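Please look over the chain shown here before reading on. The briefing below moves from the overall fold to a few selected elements and residues.

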Amino acid sequence: MPAEVTHDVSPQGLRKVARVVLLDPDDRILLLHGHEPDDPADDWWFTPGGGLEGAETREEAALRELAEETGITEVELGPVLWRRRCSFPFAGRRWDQDEWYYLARTAQTATRATALTELERRSVAGARWWTCAELTRAHETVYPTRLAELLSRLLDEGPPARPVTLEPEVVQ
């Protein structure tokens with residue numbers, strides 16, 4: 001691994017990731033539509049975010065990734081809601097991640113990816129705002145898999161007093 005990217009790996013060998021649970025004024029959540037680069041039929045929905053770069057903090061990574069993937073920069077970044085460890089195959093390799101999910105609010109709902117990586121250009125098909133009810137009824141794959149339940153609890157009860165550790169998720 002090149003020296004300039006070693007900061008994004010935790011002592012346990014997990015990639016450090018910051019994700020954003022972005023809500024609009026109507027409490028809709030923004031999800032990105034992703035797929036395997038060589039198989040668009042193998043698809044899923046996920047929150048914006050990605051790995052830390054250099055010495056940036058998770059908060060800095062969350063805001064940078066959100067801007068790059070959605071073009072949304074007018075956000076109020078809130079607390080960390082959830083933490084989870086996950087492992088999944090993607091683009092010919094296994095990704096082992098330590099993800100922190102930040103709450104954010106915005107009034108800016110138009111999206112436009114502005115700085116996708118080459119891999120993201122081949123694997124991200126767009127973005128969509130979802131209501132909690134739509135997410136609950138969805139038959140599509142969504143990560144984390146309990147996102148509808150987690151969002152419902154967030155909207156009903158507000159952010160947790162401290163981050164909730166979610167069950168590890170391993171996709172084969």
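What follows is a short briefing on this predicted model, grouped by topic.

The chain contains four helices and ten strands, and read from the N terminus these elements follow the order β-β-β-β-α-β-β-α-β-α-β-α-β-β. Its radius of gyration is 15 Å, close to the 16 Å that the globule rule gives for 172 residues, so the chain is as compact as a globular protein of that length.

**Overall dimensions and packing**

- Taken along the principal axes, the C-alpha atoms of the chain fill a box of roughly 45 × 35 × 30 Å.
- Of the 172 residues in the chain, 44% are buried, and the accessible surface comes to about 9,100 Å², with 50% of that area belonging to carbon and sulfur atoms.
- When contacts between residues at least 6 apart in sequence are considered, 69% of them join residues that are at least 24 apart.

**Strand E2 and its partners**

- Strand E2, which spans residues 29–36, is mostly covered, since eight of its eight residues are buried.
- On one side of the pairing record, E2 runs antiparallel to strand E7 (residues 124–130) and is joined to E7 by six bridges; within this pair, His33 stands opposite Gly126 in E7.
- E2 also pairs in the antiparallel sense with strand E3 (residues 39–46), here over five bridges, and Gly34 has Trp44 in E3 as its bridge partner.

**Helix H1**

- Helix H1 covers residues 58–70, and its 13 residues reach 18 Å from the first C-alpha to the last, close to the 18 Å expected at 1.5 Å a residue.
- Just after H1, Gly71 takes a positive phi of about 80 degrees.

**Thr109 in its loop**

- Thr109 is found in the loop between E6 and H2, and its relative accessible area of 34% makes Thr109 partly exposed, because that value lies between the 20% and 50% limits.
- Leaving aside residues up to four places away in sequence, Thr109 touches Asp24, Arg28 and Trp129.
- Thr109 and Ile72 are 37 residues apart in sequence, while their C-alpha atoms are 7.7 Å apart in space.

**Cysteines**

- The structure holds zero disulfides.
- Cys86 has a relative accessibility of 5% and therefore counts as buried, the cut-off being under 20%.
- Cys132, at 17% relative accessibility, also counts as buried, because 17% is under the 20% cut-off.

Terms used
Residues are numbered from 1 along each chain as its sequence is written. This is a predicted model: local features need pLDDT of at least 70, side-chain atom pairs count only at pLDDT 80 or more; totals for chains, interfaces and linings use all residues. Side-chain values use heavy atoms; hydrogens and water are left out. A disulfide is a pair of cysteine sulfur atoms within 2.5 Å. Buried means under 20% relative accessible area, exposed over 50%, partly exposed in between (1.4 Å probe, protein chains only). Helices (H or I, at least four residues) and strands (E, at least two) are DSSP runs, numbered from the N terminus. Two strands pair if DSSP finds at least two bridges between them. The radius of gyration is taken over C-alpha atoms; the globule rule is 2.2 Å times the number of residues to the power 0.38. Contact means heavy atoms within 4.5 Å. Accessible areas come from the Shrake-Rupley method with a 1.4 Å probe; for residues, only the protein chains shown count as cover. The expected span of a helix is 1.5 Å times one less than its number of residues.
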